[in-house]
Amino acid sequence: MDLGLRQSDVAARIGVWGQTVNYWEKGHFNPEPQYVPAIVAFLGYDPFGGPPDGFPAWLKAARIAAGLTRRKLAGQIGVHPGTVAEWERGKKRPGPQSSGRLSRLLPGLER
C-alpha cells in the first residue's frame, strides 16, 4: 500500500518513533502488543495472519490483537503472568472462572 506517507507520518499515527517503523519494515523486530491495535486500525486489516488453530495459539493472537502483554492480561483477569504463559504454551487450560473472565476481555473464546 502506497499512501505517499513518510515513515515519520505513519509513526505519528501509530504513536511510535519513525525509526521504529523502519525497524518493523526491515524485519529487525516485531511490534510490541500495545501497538498492534493501532497498526491494524491504520492498515485496515490484520497483517499478522488469519485466525490460528487451537486454543493456545488463539489466546496469544487474541491477547496481542487486544494490545495486551501477558502481564496486563493476567492482571485484568486476576492470575499470575506465568499462568497466561502456560495457557499460551498449551501446558494448562484456564478453569471456569478464568475462562469467563477471558471471554469477557477477548471475544471468541469458545474455541
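In the predicted model described here, Arg93 lies over the face of Phe55, at 4.3 Å from the ring centre, where a charge counts as sitting over a ring if NZ of Lys or CZ of Arg is within 6 Å of the ring centre and within 35 degrees of the ring normal. Residues are numbered from 1 along each chain as its sequence is written, and side-chain values use heavy atoms, with hydrogens and water left out. As the model is predicted, local features require pLDDT of at least 70 and side-chain atom pairs are counted only at pLDDT 80 or more, whereas totals for chains, interfaces and linings use all residues.

The protein chain contains seven helices and zero strands, and its pattern along the sequence reads α-α-α-α-α-α-α; helices (H or I, at least four residues) and strands (E, at least two) are DSSP runs, numbered from the N terminus. Taken along the principal axes, the C-alpha atoms fill a box of roughly 50 × 25 × 25 Å. Of the 111 residues, 30% count as buried, the term buried denoting under 20% relative accessible area, exposed over 50% and partly exposed the range in between (1.4 Å probe, protein chains only). Among contacts (heavy atoms within 4.5 Å) between residues at least 6 apart in sequence, 47% join residues at least 24 apart.

Phe55 also belongs to the largest nonpolar core, which has 12 residues in all, including Trp58, Leu59, Ala62, Leu73, Ala74, Val84 and Trp87; such a core is a set of buried Ala, Val, Leu, Ile, Met, Phe, Trp, Tyr and Cys residues joined through side-chain atoms within 4.5 Å. Helices α4 (55-65), α5 (70-77) and α6 each supply at least two residues of this core, and the largest share, four residues, comes from α4. A second, separate core of seven residues includes Val10, Ile14, Val16 and Ile39.

Within α4, the residues Phe55, Trp58, Leu59, Ala62 and Arg63 are buried. These residues cover an arc of only 130° around the axis, and therefore lie on the same side of α4, the arc being that of the directions from the helix axis to the C-beta atoms. The cover over the buried residues of α4 includes α5, α6 and α7 (96-105). Just after α4, Gly67 adopts a positive phi of about 75°.

Glu88, in helix α6 (residues 81-88), is buried, with a relative accessible area of 9%. Its side chain makes a polar contact with the side chain of Arg63 (2.5 Å); a polar contact is a pair of N or O atoms within 3.5 Å, of which, within protein, one must be able to donate a hydrogen and the other to accept it, and residues adjacent in sequence count only if both atoms are side-chain atoms. Not counting residues up to four places away in sequence, Glu88 touches Pro56, Leu59, Lys60, Arg63 and Arg70. With neighbours within four places in sequence likewise left aside, Ala74 is in contact with Val79, His80, Pro81 and Val84.

The structure holds three aromatic pairs, a pair being rings of Phe, Tyr and Trp (its six-membered ring) whose centres lie within 6.5 Å, with planes under 30 degrees apart counted as stacked, over 60 as edge-to-face and the rest as tilted. One of these is the tilted pair of Trp24 and Tyr35, with 6.2 Å centre to centre and 50° between the planes. Because Trp24 lies in helix α2 (residues 18-25) and Tyr35 in the loop between α2 and α3 (36-43), the pair ties together parts that are 11 residues apart in sequence. Trp24 is buried at a relative accessible area of 15%, whereas Tyr35, at 24% relative accessibility, counts as partly exposed.
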